Amino acid sequence: MKPPHPPKYLVISDCEGPISKNDNAYELAAHFIPNGSALFSNLSCYDDVLADNLHRPNYSAGNTLRLILPFFKAYNLTDKQLEEFCTKNVTLLPHITDTLSFINDIAEVFIVSTSYEHYIKALCKTINFPYKNTYCTKVNLDKYPISPQEQTLLKELAQEIAQMPKITIPPYAVSLKDFSATDQTTIRRLDEIFEVELPKTNAGKLLTEVVTVGGPQKAQAICDAAKRSGAQLSNVMYVGDSITDVDAFRLVRQSGGLAVSFNGNIYAIANAQVAVLSESTLATAALAQLFYQTTSKKNLLNKYIGFWCKTLLDKNSPLVGMLNHPITVYPDTLPEVQIITPKNIEKIAQQSCAFREKIRGEKIGRLG
């Protein structure tokens, strides 16, 4: 009788945040569009409102990357320019190549990202990661020509949105009436722009034809990766950091896997099981090792992660061979890893959001 095959493990990670410091779409907007950082930030907040507060039908978190596309066309951004910018501006977190190499010895690794494929291809080349093991937002900007008149209209709309007051999201807001009168006016105007005015333009086709790999799509990608690999969802560890990872976190948690927030914002902390605050990705490698070695997920959370620092520093740990000695990487203090509970979630969220802004910068860190 043949011995049973060992179970397959998957480590699936978001890209921007857990792997790189970039928010590529934000950086593109800031570089190519006048007042682009304000434009993108306002669209990102609008995206959060539609996805998390108003629960707009057929709308998913991460659609900021779709909403910004007509304005890239307005300012003549081409696919070639996008590729060149991405190639020059990939900014990795420390030790990511070592981390991925280590994890790859114990599990199959996938990247599931809302990012444009131009950026993911550039990242894969930078870290020598197989593009076939990625899921991302596919877009061809050159496919959508616009007229001079349309270009003028789009530029006017871009500047109008950039100059709008930023929406303040009240706690527990679930309907438009829960927002201030000013914010209600802003949301209604944005609805008009994206539901009435832009669909009349040729660039508006980008809003219906481009499918972002956002909330539900990330969960679908996890299922597809597991099917391709022949792995059970209970053997999936997912690492994310933002609102686009909420559906992925929920799927993995419900399936018995491990949901890890890496320098996550409030949306990530609210839906993950474990919070990591770290400047280096080596914490991800340590958690992956624990996940692989521990058959009981209850013990993983209650016992091992509670003492995970000992695992990182244990002379017998495989991590030591990779790092020579982890203490040389963390000379002052080890990164913080905590199990998220109802009692500590508010405190962890505050700590993680502050740390996120420190690592990725205030403007990117505050994006949903």
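**Figure 1. Strand β1 (residues 10–13) and β4 run parallel and are joined by 4 bridges.** Strands here are DSSP runs of E with at least two residues, helices are runs of H or I with at least four residues, and both are numbered from the N terminus. Two strands pair if DSSP finds at least two bridges between them. The model is predicted: local features need pLDDT of at least 70, side-chain atom pairs count only at pLDDT 80 or more, and totals for chains, interfaces and linings use all residues. Residues are numbered from 1 along each chain as its sequence is written, and side-chain values use heavy atoms, with hydrogens and water left out. Leucine 10 stands opposite valine 236 in β4. In β2, the bridge partner of leucine 10 is glutamate 108; β1 and strand β2 (residues 108–116) pair in the parallel sense over 4 bridges.

**Figure 2. Strand β4 (residues 236–240) is largely enclosed by the rest of the structure, because 5 of its 5 residues are buried.** Buried means under 20% relative accessible area, exposed means over 50%, and partly exposed lies in between (1.4 Å probe, protein chains only).

**Figure 3. β4, helix α12 (residues 246–254) and β5 form a right-handed β-α-β unit.** A crossover is right-handed if, with the strands pointing away from the viewer, the path from the first strand over the helix to the second runs clockwise. β4 and strand β5 (residues 258–262) run parallel and are joined by 4 bridges. Within this pair, tyrosine 238 stands opposite alanine 259 in β5.

**Figure 4. Cysteine 45 is buried, with a relative accessible area of 7%.** Cysteine 223, at 35% relative accessibility, counts as partly exposed. The structure holds 0 disulfides, a disulfide being a pair of cysteine sulfur atoms within 2.5 Å. Of the 368 residues of the protein, 57% count as buried.
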